[in-house]
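Below is a walk through one protein chain, taken a few local features at a time. Please keep the sequence and the coordinates open while reading.

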Amino acid sequence: MAIRPIRLPQDIAGLINVTLHAFQYPDHPEWSLQDDEAQAIVEQLRSLRFFWPVLALAQGGIIPALSDLFRGFIAEEDGVPIGCVFLIRQGGGQRREVANVAVLPEYRRRGIARQLVETTIAFAKKRGATSLALDVIAGNLPAITLYTSLGFTRVMDSLTFSHPQDTPVSAPPLPAGYSLADTAITEWRPRYDLARRITPAEVTALNPVTEDEFRVTSAERIALSAFAPLSGDRQRQLVVRSPDGAVVAMVRYIARTRPGGIVYGWPMLDPAHADLAPVLAQTVRHTLRQQSPGRRLELIVLDWQQALVGEAQTEGFTLLIRSSKMLKTL
């Protein structure tokens, strides 16, 4: 068994095969990739076929700003991919996100996932990263045990809710004096300002809210403009302001510009304005149903956002999974 850097575009078929087969859990079907999720992942990975020349130039030093936007490693045996891991740059700082740690079921319990993550940690250190983040299903004890042994610490949980979007919903009016804007995802400061103001102290003690984590870099702007049309994803955000102009709620979302796939929303709400939870939940449903009709909606809500958790259940969402964010300082 050997581990090597991902090579594009020749590794795309192998990455698709590993991802689709690794994220199936017969004992926990609620954890498994759904058909619409799998379709979106396949489309995203296939779109790398067209985006890889930009990444190749970046990693060759021609476009330094893009050089660490996307990296990864493949585990292979006899030349066949059996596992993979992605390393993605987060915002403008030195944090990286470890994603898509996957090993084919028949090759598990051989320490391959550990070797993939250890290789990724060493590479991130070499590239000057100061911390790593990852998300893991809260009930996946083998994965949590692995990450804990490698120095990752749980900092907070999120809940993923699902809605079939099979019935129309109207966007309710905001209270008098409040405003709603649908803006570009590159306008990052409202997300940062809101998160900095409302994140509980017990969370920030472990995971400080920093500007670098939210800032959209020039590299990310280039990637968004080039990659989004290829992948069929459209990233935007809804921003709600109070009468005094303060940002009190927002939803980052991904709509689909092509048939099939799934749509996503990540809401944040100032607890002091908890009465806006019904408006926010219905507005995001209305927005995504208009932009991407016929798709299932997954809403990812931080567990300390109790008003939004309660409203998701009221709106008919089904709780799929609880995930934990884990961090490691390098």
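Strands are DSSP runs of E at least two residues long, and they are numbered from the N terminus. By that rule Asn 100 lies in strand β4, which covers residues 95-103. The model is predicted, and local features are taken up where pLDDT is at least 70.

Asn 100 has a phi near 60 degrees, a positive value in a residue other than glycine. Most residues other than glycine have a negative phi, and most peptide bonds are trans. Whereas Asn 100 sits in a strand, Asp 78 is placed in the loop between β2 (70-77) and β3 (80-89). Asp 78 counts as exposed because its relative accessibility is 79%, and the cut-off for exposed is over 50%.

From Leu 8 to Pro 9 the bond is cis, with omega near 5 degrees. Pro 9 belongs to the loop between β1 and α1 (12-22).

Strand β1 itself spans residues 2-5 and contains Arg 4. Is Arg 4 buried or exposed? The relative accessible area of Arg 4 is 12%, so Arg 4 is buried, the limit being under 20%. The side chain of Arg 4 makes a polar contact of 3.2 Å with the side chain of Glu 76. With neighbours within four places in sequence set aside, the residues in contact with Arg 4 are Asp 11, Gly 72, Phe 73, Ile 74 and Glu 76.

The last stop is a helix. Helix α10 runs over residues 306-314, and its buried residues are Leu 308, Val 309, Glu 311 and Ala 312. Viewed down the axis of α10, these buried residues fall within an arc of 165 degrees, so they line one face of the helix. After α10 comes Gly 316, which has a positive phi near 90 degrees.

Definitions and conventions. Residues numbered from 1 in each chain as written. Predicted model: local features only at pLDDT ≥ 70, side-chain atom pairs only at ≥ 80, totals over all residues. Heavy atoms only, no water. Buried < 20%, exposed > 50% of the residue type's maximum accessible area, 1.4 Å probe, protein only. Helix = DSSP H or I, 4+ residues; strand = E, 2+ residues; numbered from the N terminus. Arc of directions from axis to C-beta. Polar contact = N/O pair within 3.5 Å; in protein donor to acceptor, adjacent residues only side chain to side chain. Contact = heavy atoms within 4.5 Å.
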